[in-house]
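Look over the sequence and the model first. Then work through the questions below.

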Amino acid sequence: MTKTGISCRIVVLISGSGTNLQAIIDACGSGQIAGNVVGVISNEPSAYGLTRALRANIVAVNLNHRDYESRTLYDQALGDAIDTFSADLVVLAGFMRILSADFVKKFEGRLINIHPSLLPDYRGLDTHRRVLADRKSVHGATVHFVTEGLDEGPVIIQAQTSVDRTDTEMTLADKVHAIEHQIYPQAIAWFAAGRLRLEDHHVTLDGNLISGGQTL
Ligand code: GRF
């Protein structure tokens with residue numbers, strides 16, 4: 001339960017496998033997060049995360065972007081679908097779409113994303129491949145509030161993992177997933193407890209400004 005005694009209503013947006021979704025569902029189940037995933041929405045009909053949702057008795061919505069004529073119309077429908085759940089928090093967990101400015105504005109302060117890199121490094125796609133090509137020794141993941149720019153927005157928490165000489169894109173993806181499954185539930189737990197806020201484009205935890213995010 002939150003400070004106000006209200007359980008946080010979480011809606012998760014996905015496009016794929018949904019391992020982060022699973023970590024969040026599990027963290028709600030164990031009580032780490034004072035809240036519940038009340039809805040899962042996918043833009044990809046075949047996303048395995050929809051099956052994960054149904055298995056956990058969570059309402060799963062298939063909202064295929066191909067059925068809409070424009071990004072604006074899709075994002076309106078997405079916003080409406082989220083509203084039907086009375087969401088306190090909207091969690092992007094591998095949701096592979098760029099969101100329109102109006103959508104971001106509508107949910108500002110209660111819209112968070114996870115990105116597989118140590119932002120601001122490696123915005124965009126194919127982060128593991130690019131990190132390997134650059135022969136970096138450290139990689140990681142970032143949870144941040146969503147603002148208008150792609151993979152921008154104030155950082156909440158980051159965690160690192162080492163890049164070894166033997167790593168491939170696949171092994172690196174596994175390592176990054178493992179840390180994502182720790183930092184995403186942690187960030188959501190803070191939010192659900194009323195401890196985490198976006199105030200004037202800055203992140204506060206327990207009322208204290210955290211600049212550049214927390215590290216795990
Ligand atoms: C994660 O690596 C996340 O950082 C990125 O997409 C991936 C989603 O993985 N945005 P999953 O569907 O949660 O397994």
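Q: How far is a backbone N or O atom of G18 from an oxygen atom of the ligand?
A: This is a predicted model, where local features need pLDDT of at least 70, side-chain atom pairs count only at pLDDT 80 or more, and totals for chains, interfaces and linings use all residues. Residues are numbered from 1 along each chain as its sequence is written, and side-chain values use heavy atoms, with hydrogens and water left out. G18 is among the residues that surround the ligand (one of their heavy atoms lies within 4 Å of it). From a backbone N or O atom of G18 to an oxygen atom of the ligand, the distance is 2.8 Å.

Q: At what angle do helix α1 and helix α6 pack?
A: Two packed helices are described by the angle between their axes and the distance between the axes. Here α1 covers residues 19-30, α6 covers residues 169-192, and their axes are 9 Å apart. The angle is about 45°.

Q: Which residues of α6 make the contact with α1?
A: Contact means heavy atoms within 4.5 Å. The α1 side brings T19, N20, A23, I24 and A27. The α6 side brings H177, E180, H181, Y184, P185 and I188.

Q: Which peptide bond is cis, with omega near 10°?
A: Most peptide bonds are trans. P120 is found in the loop between β5 (111-115) and α5 (127-133). The cis bond runs from L119 to P120.

Key:
Axes fitted to C-alpha atoms, helices over the stretch in contact; angles between N-to-C directions. Helix = DSSP H or I, 4+ residues; strand = E, 2+ residues; numbered from the N terminus. Polar contact = N/O pair within 3.5 Å; in protein donor to acceptor, adjacent residues only side chain to side chain.
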